[in-house]
Amino acid sequence: MQLDDVVAATSPDRQRMKEAMERSVRWLDRCIAAHKKPQSQSLFCIIQGGLDLEMRKACCEEMIKRDTPGIAIGGLSGGEAKDAYCKVPRYVMGVGYPEDLVVSTALGADMFDCRFGNAITSTGTLNLRHASFAYDFEPVEADCACKCCRSPEHGGLGITRAYIHHLAAKETAGAHLLSMHNVHYLLALMQAARAAIIKDRYPEFLQQYFGKLYGGAWEKVPQWAVTALRGVGVDLVGSRSP
């Protein structure tokens, strides 16, 4: 990843945003010149420009001239509304919740990165540090095939929500166990998304995903997701909306 000048997407200082964008382009040139292992390490440029579409377009034009092996979309997940971010999406940085991933995939993104401390499940995220999980002896997610959730009889660790709750306040082992589950969940989710795309059934995949996530309560699906997907021809809610 190149070195870039990052400014919060919500900054009202357009001149500072332009300065950061232009500096990032100059720094990419210096990174390319200093890059010593192009055969074994891929150098990605990072698109900047905040939420200004013209500025991002100008940055893209400059970055494309450098012909790097990959392109990262930076300067987002800095406090902006998600419907604003969805207007400017390949590698979306700082975006990692499951619903963000499946929507960004529909918008053309290929890679993501993020970190957070909650457990990811097919029906939402869980803050296992909360006292309500102190005596919850269920796995993080029922029927999950990860090492953390599987029972010892099936080659897993049989870790419960209560156990992670206990560890989270005292030891880093809690975060390690949570990462085992979350990485497994996200990989499985994106493998399912890829399979749906190959079968040309991604809209149906999205319907199933959001239907399960919100328990069939389509009025609870965030408007930013509905609007973003509608922009690429996927009517997520359709006649289900009240």
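Fifteen nonpolar, 5 polar and 5 charged residues make up the lining of the largest pocket.

First, the ground rules. This is a predicted model, in which local features need pLDDT of at least 70 and side-chain atom pairs count only at pLDDT 80 or more, while totals for chains, interfaces and linings use all residues. Residues are numbered from 1 along each chain as its sequence is written, and side-chain values use heavy atoms, with hydrogens and water left out.

The chain has 8 helices and 6 strands. Helices (H or I, at least four residues) and strands (E, at least two) are DSSP runs, numbered from the N terminus. From the N terminus on, the order is α-β-α-β-α-β-α-β-β-β-α-α-α-α. The C-alpha trace spans about 55 × 50 × 35 Å along its principal axes. Of the 242 residues, 42% are buried, where buried means under 20% relative accessible area, exposed over 50%, and partly exposed in between (1.4 Å probe, protein chains only).

Now the pockets. The search runs on a 1 Å grid over the protein atoms alone: a cavity is a set of points where a 1.4 Å probe fits but cannot get out, and a pocket is an open set with protein on both sides within 12 Å along at least five of seven lines; lining residues have an atom within 4 Å of a point. Grid points are joined across faces, edges and corners, and a volume is the space filled by probe spheres set on the points.

The largest pocket holds about 540 Å³ of space. It has 25 lining residues, and closest to its centre are Cys114, Arg115, Phe116, Asn182 and Leu186. Strand S4 (111–113), helix H5 (161–168) and helix H6 (173–198) each give at least two lining residues. H6 has the largest share, with 9 residues.

The second largest pocket holds about 280 Å³. Among its 15 lining residues, Ser122, Tyr185, Ala188, Leu189 and Lys212 lie nearest the centre. H6 and helix H7 (202–213) each supply at least two, and the largest share, 5 residues, is again from H6. This lining divides into 9 nonpolar, 3 polar and 3 charged.

Next, how do H6 and H7 pack, and at what angle do their axes cross? The axes come within 8 Å and cross at roughly 145 degrees; axes are lines fitted to C-alpha atoms, for helices over the stretch in contact, and angles run from 0 to 180 degrees between N-to-C directions. Contact means heavy atoms within 4.5 Å. On the H6 side, Tyr185, Leu189, Ala192, Ala193, Ala196 and Ile197 meet Tyr202, Phe205 and Tyr209 of H7. The residues of that contact are 9 nonpolar, no polar and no charged.

H5 and H6 pack at about 140 degrees, with axes 7 Å apart. H5 is therefore oblique to H6, given that angles under 35 degrees count as roughly parallel, over 145 as roughly antiparallel, 65 to 115 as roughly perpendicular and the rest as oblique. Tyr163, Ile164 and Leu167 in H5 meet Ala173, Gly174, Leu177 and Leu178 in H6; that contact has 6 nonpolar residues, 1 polar and no charged.

Last, H5 itself. Its buried residues are Arg161, Ala162, Ile164, His165 and Leu167, and they pack against strand S6 (124–126) and H6. His165 has a relative accessible area of 18%. Beyond neighbours within four places in sequence, His165 contacts Leu128, Arg129, His130, Ala131, Phe133 and Ala134.

Definitions and conventions: Nonpolar A, V, L, I, M, F, W, Y, C, P; charged D, E, K, R; others polar.
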